[in-house]
Amino acid sequence: MQGQIAVVTGASGGIGGAIVHALAERGVSLCLTGRDQLKLGALASSLAALAPRIYSRSMDLTNDGEIEGLAQFVTDQFGRLDILVHCAGAIRHGNLESTPIASLDLQYASNVRGPLLLTQMLVPLLKRPCGQVVFINSSLGLTARANTGHFSATQHAFKAIADSLREELNAESVRVLSVFTGRTATPRIQTLDASEGRTYRPDLLLQPADVASVVLNALGLPWTAEVTNINIRPMRKPGSLTNP
């Protein structure tokens, strides 16, 4: 993978940060995006000795102008793209009876519309070197549960976009991977647990490095194969008395 170019959204923490570290260690040039420019800049500085080129640029997926600006930046700086990793978004839980519809609007903008627009703008660059797109989804993108309706609906839509994109672009040598993660030890899940009155137990959760490992393995496959979907969940469950 050395010498390839990647754009990673949600790069400043959690799963996105772990994927960024793994890519940098393999000599991939990077454009890191997210909403917190300070965190992005600090991460870029810490990886400067590993990645041949590394840039950080703040972007809000609910802002079309910022998405268009990022796409133009990547075009100007690199002129091509090997890997696009979607690892940003919003999550809000609540029952369908009473949760304000504005919650769905926010999650749709962040989890569906924004990533789709960014993908549309970067697809021409991905076609040039035989590119790859990774959608970091959720187990709720496969099965909806009580009090997750809005978020799960956006993740099902996220899967539909990945599936359609794969069918449309495979003939042009673009691979598309969806990764469906269970609860992972990230700041986002810590915040979600707190909002639901749940005790945050990172030792019982997937680790970001676990997800990054399976993603990098899939990205590094020879071009005689394509991994389309990966479902990964925590090995230990609440109430487990033994370590694996």
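Reader: How do the residues of the lining of the largest cavity divide into nonpolar, polar and charged?

Author: This is a predicted model, and it holds 1 cavity of 30 Å³ or more. The lining is made up of Gln-132, Val-133, Arg-175, Val-176, Leu-177, Ala-218, Leu-219, Leu-221, Glu-226 and Val-227. Sorted by class, these residues come to 7 nonpolar, 1 polar and 2 charged.

Reader: What volume does the largest cavity have?

Author: Rolling a probe the size of a water molecule over the atoms shows where empty space is left. In this model the search returns 1 cavity of 30 Å³ or more. The volume of the largest cavity is about 60 Å³.

Reader: Which element supplies the largest share of the lining of the largest cavity?

Author: At least two lining residues come from each of β5 (132-138), β6 (175-181) and α7 (208-219). Among the residues of the lining are Arg-175, Val-176 and Leu-177. The largest share is 3 residues, and the element that supplies it is β6.

Reader: Which backbone nitrogen does the side chain of Asp-82 reach?

Author: Asp-82 sits in the loop between α3 (64-77) and β4 (83-86). Its relative accessible area is 5%, so Asp-82 is buried. Outside its sequence neighbours within four places, its contacts are Gln-4, Ile-5, Leu-126, Pro-129, Gly-131 and Gln-132. The side chain of Asp-82 comes to 2.8 Å from the backbone nitrogen of Ile-5.

Reader: Is Ile-83 buried or exposed?

Author: Ile-83 belongs to strand β4. Not counting residues up to four places away in sequence, Ile-83 touches Met-1, Gln-4, Ile-5, Ala-6, Val-7, Leu-23, Leu-126, Gln-132 and Leu-219. Because its relative accessible area is 0%, Ile-83 is buried.

Reader: How many Å apart in space are Ile-83 and Gly-149, C-alpha to C-alpha?

Author: Ile-83 is in strand β4. Along the sequence, 66 residues separate Ile-83 and Gly-149. In space, C-alpha to C-alpha, the separation of Ile-83 and Gly-149 is 31 Å.

Reader: Is Met-1 buried, partly exposed or exposed?

Author: Met-1 lies in the segment before β1 (5-8). Beyond four places in sequence, Met-1 is in contact with Leu-23, Arg-26, Gly-27, Val-28, Ile-83, Leu-216, Leu-219 and Gly-220. The C-alpha atoms of Met-1 and Glu-25 are 24 residues apart along the chain and separated by 9.9 Å. With a relative accessible area of 26%, Met-1 is partly exposed.

Reader: With which side chain does the side chain of Thr-119 make a polar contact?

Author: Thr-119 is placed in helix α4 (residues 101-127). At 2% relative accessibility, Thr-119 is buried. Leaving aside neighbours within four places in sequence, the residues in contact with Thr-119 are Leu-84, His-86 and Leu-165. The polar contact, at 2.7 Å, is with the side chain of His-86.

Reader: How many disulfides does the count come to?

Author: A disulfide is a covalent bond between the sulfur atoms of two cysteines, and the cut-off used for the pair of sulfur atoms is within 2.5 Å. The sulfur of Cys-31 has its closest cysteine sulfur in Cys-87, 15 Å away, which is too far for a bond. Cys-31 is buried at 0% relative accessible area, and Cys-87 is buried at 17%. The count of disulfides is 0.

Reader: Near what value is phi of Ser-173?

Author: Ser-173 is located in the loop between α5 and β6. Ser-173 is partly exposed, with a relative accessible area of 32%. Ser-173 is a residue other than glycine with a positive phi, and the value is near 60°.

Definitions and conventions. Residues numbered from 1 in each chain as written. Predicted model: local features only at pLDDT ≥ 70, side-chain atom pairs only at ≥ 80, totals over all residues. Heavy atoms only, no water. Helix = DSSP H or I, 4+ residues; strand = E, 2+ residues; numbered from the N terminus. Buried < 20%, exposed > 50% of the residue type's maximum accessible area, 1.4 Å probe, protein only. Polar contact = N/O pair within 3.5 Å; in protein donor to acceptor, adjacent residues only side chain to side chain. Contact = heavy atoms within 4.5 Å. 1 Å grid on protein atoms, 1.4 Å probe; cavity = no way out; pocket = protein on both sides within 12 Å on 5 of 7 lines; lining within 4 Å. Points joined across faces, edges and corners; volume = space filled by probe spheres on them. Nonpolar A, V, L, I, M, F, W, Y, C, P; charged D, E, K, R; others polar.
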